[in-house]
Amino acid sequence: MRLQWTHDNNKKHTDVPLIKMYSTNINVIGSIPDIDMIINNISNYAHGEKGENIKDNFFNQNIYNIRTHKSRSRFLRAINGVFLQFRSRDHQTVVYSLFRHPNLSSLKHTALFFQFAINDKLFYELSKNVFLGLYFAGRLSVDKSEFTSYIYDLRDKSTDIENWSDSTIKIVASKYLTLLKKLDLVKGRLKKEFRHIIPEDETIVYVIYLVHSLGDENCDILKNPYIPFLMLSQQNLIERIKKIALSDFFNISTLGYDLKINLKYAYEEIIDVIAKRY
């Protein structure tokens, strides 16, 4: 069983099982009115603020002006459950180092997407099997029905969601697209259109460090399950990685079709290096 680090600044870290079940986290996260609420919450933990103070600000002080206590509870629980779960100390370090930085907002949006994919089974599958499939097929727009169809089919196969109503499934699909818009991956109000996504070099560097921090046994970067979310074809990705390697962020080696990367900086250093270079 894979182990996962959870974080509470009032406690020592403990290993807990990473449970890969389908959930409605997408509904809750997609309902959060301002993406900065998520970013600020992660940043507070990254700066070492005590969990009890964060909860007091969220609930009692209501610093984000969320109307009901129930909504505040749902939002905070989902934020912590999705974005503040880590596979290893290194994973936590590379995420927190980014969210301690005062700027790099675009990179933080990317990190949110990857964290959601790493920690939530349904978000990962919708992103990989539907969103990426449509994007690489050259589609200009994406409709909610593509996602509802996928989840309907999933409902027939999985006991996790066999009791989900049609209404729940439609809300999940809608909130998924709402979140993608907030993360600048799609645009449009009623009809969602793909943005033309060309990741910056610093994004590729950070994502490589992020996926390495997960501690997966397969060190071939091209076989990493999260790398496709950079939205690059494999050939384009290889070319970009080889070019970036010349900037001294990592060493690369090839063996047959494998592309292996050896990092040059520590996980706690990479954000400072990126910030100085770009």
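Student: Which residues form a positive surface patch?
Tutor: The model is predicted. Lys 181 has a relative accessible area of 35%, so it counts as partly exposed. The patch is formed by Lys 181, Lys 187, Arg 189 and Arg 195.

Student: Lys 108 is buried and has no salt bridge; which side chain of opposite charge is nearest?
Tutor: Lys 108 lies in helix 6, residues 105–119. A salt bridge needs the nitrogen within 4 Å of a carboxyl oxygen. The nearest side chain of opposite charge is 8.2 Å away, and it belongs to Asp 36.

Student: What does Lys 108 touch, leaving out residues up to four places away in sequence?
Tutor: Lys 108 is buried. Its contacts beyond those sequence neighbours are Ile 39, Leu 98, Phe 99, His 101, Pro 102 and Asn 103.

Student: How many salt bridges does a search of the whole structure find?
Tutor: Side chains of opposite charge can pair when their charged atoms come close. Asp 220, Lys 223 and Asp 258 are linked in a network. The search of the whole structure finds seven.

Student: Arg 155 and Asp 166 meet in a salt bridge; how many residues apart are they?
Tutor: The N to O distance is 2.9 Å. Arg 155 is in helix 8, residues 144–157, and Asp 166 is in helix 9, so the pair links distant parts of the chain. The two are 11 residues apart.

Student: Is Arg 155 buried or exposed?
Tutor: Buried means under 20% relative accessible area. Arg 155 has 19% relative accessibility, so it counts as buried.

Student: Which helices hold Asp 201 and Arg 240?
Tutor: These two side chains form a salt bridge, the closest N and O atoms being 2.8 Å apart. The pair links distant parts of the chain, 39 residues apart. Asp 201 is in helix 10, and Arg 240 is in helix 11.

Student: Why does Arg 240 count as buried?
Tutor: The cut-off for buried is under 20% relative accessible area. Arg 240 is buried because its relative accessible area is 15%.

Student: Where does Met 231 lie, and what is its phi?
Tutor: Met 231 is in the loop between helix 10 (201–212) and helix 11 (234–245). Met 231 is buried, with a relative accessible area of 6%. Its phi is positive, in a residue other than glycine, and is near 65°.

Student: Is Asn 65 buried or exposed?
Tutor: Asn 65 lies in the loop between helix 3 (51–59) and helix 4 (69–83). It is not a glycine, yet it has a positive phi of about 55°. At 68% relative accessibility, Asn 65 counts as exposed.

Key. Residues are numbered from 1 along each chain as its sequence is written. This is a predicted model: local features need pLDDT of at least 70, side-chain atom pairs count only at pLDDT 80 or more; totals for chains, interfaces and linings use all residues. Side-chain values use heavy atoms; hydrogens and water are left out. Helices (H or I, at least four residues) and strands (E, at least two) are DSSP runs, numbered from the N terminus. Buried means under 20% relative accessible area, exposed over 50%, partly exposed in between (1.4 Å probe, protein chains only). Patches are made of residues with over 30% relative accessible area and no salt bridge: like charges are joined within 9 Å, nonpolar side chains (Val, Leu, Ile, Met, Phe, Trp, Tyr) within 5 Å. Accessible areas come from the Shrake-Rupley method with a 1.4 Å probe; for residues, only the protein chains shown count as cover. Lys and Arg count as positive and Asp and Glu as negative; His and the chain ends are not counted. The place of a charge is taken as NZ of Lys, CZ of Arg, CG of Asp or CD of Glu. Contact means heavy atoms within 4.5 Å.
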